[in-house]
Amino acid sequence: MGTVVMEGLQPHPNLKDLFIQGYGDRRFPSWMLNDRLGSLLPNLINIQIRGCSRCQILPPFSQLPSLLSLDLYNMEEVEEMEEGPSAALFFPSLQSLKINWMPKLKGLWRMESKAKQCPSFRHLSELYISRCSNLTSIQLSSSPSLFELEVNECSNFTSFELPSSPCLSQLVIQDCLNLTSVELHSSPCLSQLEISRCPCLTSLKILKIYCCTALATLPHSIGSLTSLEVLDLTCCHQLASLPEEMRSLKNLQMLYISHCPHLEERCRKETGEDWPKISHIPDIVVR
């Protein structure tokens, strides 16, 4: 679709769904880059942008007051996601964000300020990021409604830190070849944790999981953490058992289990059902 045609296609203010595919210019039309985009399209709910591989700058989508879903696919030239100095209006309604095949992207949105602080996604419930090979980490200052988070095939993704996420139920990280650090804070609703095909995690020495009160099982992939020396499980009230792969952790020196009631009996020395899986560990504390 040509630039002239797109310039003349400024939609009606009542537009609810916007789908753009194969736009070939380096800049979106001026009506999309307008600083007053939120007032021009106040009723826009869903946006899908696909195959706009030459575009370098994203429109100020964060200003759209009714936007629920944003899907960005194959935008190869976008490097930064910058916003204005005020965080007063930042995706006030967004629930679903999907970012796929943006190989030059360095990070999610940041505000224009000396601190370059990470904004808060107040209503975001679903975050999906895939094939962003230049992305090294994700920083979310606050996402109180986040329910599902998935990161796939981000080859330079090295660290992951998630602040307290009271609604997070599912966390999946796959095929991140350089991931070396994972840090989870209080996630009381976490019930599915999957980290797979992240070979650099074999060098991980300390793993701490706190206050994931809905987590029922540890991932079987824990057996691939062959350098793990310390495993700390605290306040994981629904954690019912330890996986067989615990036997593979030959370098594990300390297992600390606190306030995990189901594991207290199962990890009892000599008699617990899980004792044969952990008996090789020199220092075991269960309380």
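## Annotated region and overall make-up

An unreviewed UniProt entry carries the annotation "domain: R13L1/DRL21-like LRR repeat region", which covers residues 5–75. The coordinates described here are those of a predicted model. In this model, the span 5–75 is 10% helix and 21% strand, and its end C-alpha atoms are 20 Å apart.

The protein chain as a whole contains four helices and 17 strands. Its C-alpha trace spans about 75 × 35 × 30 Å along the principal axes. Of its 287 residues, 43% count as buried. The accessible surface comes to about 13300 Å², and carbon and sulfur atoms account for 51% of that area. When contacts between residues at least 6 apart in sequence are considered, 48% of them join residues at least 24 apart.

## Core and strands

The largest nonpolar core has 86 residues. Those with the most contacts inside this core are Phe-61, Leu-70, Leu-149, Phe-160 and Leu-233. For Leu-70, the residues touched, not counting those up to four places away in sequence, are Ile-47, Phe-61, Phe-91, Leu-94, Ser-96, Leu-97, Lys-98 and Trp-109.

Strand 15 (residues 230–234) pairs with strand 16 in the parallel sense over five bridges. Strand 16 also pairs with strand 17 (residues 283–286), again in the parallel sense, over four bridges.

Why is strand 16 described as largely enclosed by the rest of the structure? Strand 16 covers residues 254–258, and four of these five residues are buried, so the rest of the structure largely encloses it.

| Residue | Relative accessible area | Class |
|---|---|---|
| Ser-165 | 2% | buried |
| Lys-277 | 7% | buried |
| Trp-101 | 32% | partly exposed |
| Glu-270 | 61% | exposed |

Ser-165 is placed in the loop between strand 10 (159–162) and strand 11 (170–174). Because its relative accessible area is 2%, under the 20% limit, Ser-165 is classed as buried. Its side chain reaches the backbone oxygen of Pro-163 at 2.8 Å. Leaving aside neighbours within four places in sequence, Ser-165 is in contact with Ser-186, Ser-187 and Pro-188.

Lys-277 lies in helix 4. Which backbone oxygen does the side chain of Lys-277 reach? The side chain of Lys-277 reaches the backbone oxygen of Leu-242, at 2.5 Å. Leu-242 is also among the residues that Lys-277 touches, not counting those up to four places away in sequence; the others are Pro-243, Glu-244, Met-246, Arg-247 and Arg-266. With a relative accessibility of 7%, Lys-277 counts as buried.

Trp-101 and Glu-270 are described here for their backbone angles. Phi of Trp-101 is near 60°, a positive value in a residue other than glycine. Trp-101 is in the loop between strand 5 (96–100) and strand 6 (110–111). Phi of Glu-270 is near 75°, also positive in a residue other than glycine. Glu-270 is found in the loop between helix 3 (261–266) and helix 4 (275–278). Glu-270 counts as exposed because its relative accessibility of 61% is over 50%.

Methods: Residues are numbered from 1 along each chain as its sequence is written. This is a predicted model: local features need pLDDT of at least 70, side-chain atom pairs count only at pLDDT 80 or more; totals for chains, interfaces and linings use all residues. Side-chain values use heavy atoms; hydrogens and water are left out. Helices (H or I, at least four residues) and strands (E, at least two) are DSSP runs, numbered from the N terminus. Buried means under 20% relative accessible area, exposed over 50%, partly exposed in between (1.4 Å probe, protein chains only). A polar contact is a pair of N or O atoms within 3.5 Å; within protein, one must be able to donate a hydrogen and the other to accept it, and residues adjacent in sequence count only if both atoms are side-chain atoms. Contact means heavy atoms within 4.5 Å. Two strands pair if DSSP finds at least two bridges between them. A nonpolar core is a set of buried Ala, Val, Leu, Ile, Met, Phe, Trp, Tyr and Cys residues joined through side-chain atoms within 4.5 Å. UniProt positions are given in the numbering used here, feature names are shortened, and annotations may be inferred rather than shown by experiment. Accessible areas come from the Shrake-Rupley method with a 1.4 Å probe; for residues, only the protein chains shown count as cover.
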